[in-house]
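Visitor: Please walk me through this model, one question at a time.

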Amino acid sequence: MIRARFAPSPTGYLHIGSARTFIFNWLYTRKHKGTMVLRIDDTDRDRNTEASLKSIYDGLNWLALGWDEFYRQSDRLELHRKLAHDLLAKGLAYRDFKPAAAEYEEKAHGEGPWLCNPEMRALSPDESDRRAAAGEPFVIRFRVQREPVHEVKFNDEVYGPQSKLTADIEDFALLRSNSMPTYHLASCADDIDLRITHIIRGQDHLSNTFKHVLLFQAARAPLPHFAHLPLLIAPDGSKLSKRKHGPVVSVLTYRDSGFLPIAYINFLCLLGWSPKDNREQMSLYELESAFSFEGVNRSNAVVNFTDADPIDAKALWLNSQHLRTAPVRMLVPFVRQTLCGHGLQPYGDEAFFENVIDTIRSRFSTLLDFATKGRAYFSDDFEMDEKALEKLNAPGARQLLNELAERIANNSEFSEASVEAELRKLAAERGVKAGVLINASRAALTGQPVGPSAFAVFVCIGRDRVIERLRNV
RNA sequence: GGCGCUAUCGUCUAACGGUUAGGACGGAGCCCUCUCAAGGCUCAAAUAGGGGUUCGAUUCCCCUUAGCGCUACCA
């Protein structure tokens with residue numbers, strides 16, 4: 001039984017890279033009928049905030065993929081401490097009484113890597129116990145085996161065989177002087193206790209994994225599978241950060257930009273992974289069945305955005321693809337929600353929505369377009385675009401539209417064909433080009449200079465509103 | 001500095017030693033057309049550099065360069 005986990009720390013909004021990690025974990029567990037664990041890594045941290053926890057939930061809920069089990073590390077501190085003390089008792093860890101500030105000094109001056117404080121490492125158990133009992137603060141460090149130097153090895157599902165000399169691994173901290181566990185300790189203790197079989201996470205943890213392997217071995221726990229994912233980076237090659245790159249690094253920005261969750265998921269999957277058969281637009285089911293670590297790339301992927309264009313063009317394209325190919329029924333709630341979110345009270349029932357959406361969706365790329373360019377289809381509360389006004393201002397156009405309104409009102413039939421016949425007849429009688437009248441009516445009915453075939457627009461808007469809008473033009 | 005990872009069009013990527021180095025986004029153009037999209041077609045655009053190995057390297061090895069990550073009592 002496969003068990004994987006997504007373990008964000010609530011120190012900010014849900015990051016785009018974290019979202020992808022979550023998605024890959026989810027895809028993998030779903031594909032293998034495994035269990036998806038959501039674990040909030042909130043050990044210590046002055047940086048943890050409820051606001052960011054909420055932001056993570058909001059992002060995850062928007063993705064709407066779900067998870068099977070949930071834990072908070074702050075509820076499990078005793079488990080973490082127990083592992084540290086077990087290792088201490090076995091001599092696999094030791095107390096370091098040197099103040100952090102002093103260590104920092106020493107490390108800063110060193111030429112090579114800092115490995116340990118030899119005096120502390122060599123402290124006898126008795127001496128160590130006595131100083132601890134006397135109330136002296138200490139940090140518990142893992143005792144990395146030095147003699148003989150050996151290689152720590154593991155196989156990464158993405159990066160292949162990995163090895164590192166113990167001579168290059170420092171005696172990392174397990175338990176802080178305030179008795180809070182460090183990330184390494186809490187993470188491994190929980191992964192062991194939760195029987196995690198696959199650790200799928202960002203490549204920034206690849207180097208840390210050697211420490212984790214050491215910890216798993218010291219705890220006599222079976223080694224899980226590791227799969228590290230290439231990082232998502234900014235166009236300048238730097239790490240994506242809110243401070244430097246703004247809101248584009250937050251998942252919620254995409255939600256608020258009118259993305260369909262599936263489109264965003266699809267986009268993220270294509271960053272650092274490929275089905276290798278040239279497919280681009282994929283459904284959740286297709287992603288799930290195609291996903292494998294073999295398809296995961298090893299080099300970092302750039303999220304392509306600029307100040308002027310904060311959303312990756314490919315993401316936008318994928319969104320428009322999903323928008324125009326998704327079953328219309330599935331789109332209705334998204335569109336309705338977007339409209340309401342923009343203060344509109346759209347008229348029309350389910351069938352009306354489906355018809356309108358189906359008519360206009362092929363020229364929209366985000367849900368936001370329904371509230372702006374598509375506004376007039378759902379509400380009488382819309383404004384006339386400047387270019388649309390120009391079309392309306394064509395010589396004689398308004399009068400002809402008024403006249404068209406009367407003809408439609410007097411015709412018992414109301415269909416694309418009947419309206420087209422009526423309009424062309426009127427244009428021919430008055431010696432104007434049909435196109436002028438066609439474009440003017442689109443403008444009058446939708447407030448937009450461009451849009452679907454005008455005759456389809458007539459039917460979409462509906463007979464009563466058509467007459468109303470053409471009369472008052 | 002030490003250690004680790006990576007390197008194909010501007011971007012996302014395909015090509016498990018032999019291809020005119022493929023696809024997609026974006027860009028340019030054409031067709032279609034009541035406008036705008038969509039759709040169809042065409043074009044420009046890449047193997048970081050240097051050494052090997054091989055009959056043959058994008059592919060395997062080494063070096064250089066560049067980028068990223070780790071090197072915290074952050075995660």
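Guide: Contact here means heavy atoms within 4.5 Å. This is a predicted model, where local features need pLDDT of at least 70, side-chain atom pairs count only at pLDDT 80 or more, and totals for chains, interfaces and linings use all residues. Residues are numbered from 1 along each chain as its sequence is written, chains are lettered from A and ligands numbered from 1 in the order in which they are written, and side-chain values use heavy atoms, leaving out hydrogens and water.

Visitor: Among contacts in chain A between residues at least 6 apart in sequence, what share joins residues at least 24 apart?
Guide: Take the contacts in chain A between residues at least 6 apart in sequence. Those joining residues at least 24 apart make up 74%.

Visitor: What does the C-alpha trace of chain A span along its principal axes?
Guide: A compact globule of 473 residues would have a radius of gyration near 23 Å, while chain A has 31 Å. That radius is taken over C-alpha atoms, and the globule rule is 2.2 Å times the number of residues to the power 0.38. The spans of the trace are about 105 × 40 × 40 Å.

Visitor: Is His228 buried or exposed?
Guide: Buried means under 20% relative accessible area, exposed over 50%, partly exposed in between (1.4 Å probe, protein chains only). The relative accessible area of His228 is 0%, so His228 is buried.

Visitor: Which side chain makes a polar contact of 2.6 Å with the side chain of His228?
Guide: A polar contact is a pair of N or O atoms within 3.5 Å; within protein, one must be able to donate a hydrogen and the other to accept it, and residues adjacent in sequence count only if both atoms are side-chain atoms. The side chains of His228 and Thr209 are joined by one of 3.1 Å. At 2.6 Å, the partner is Asp156.
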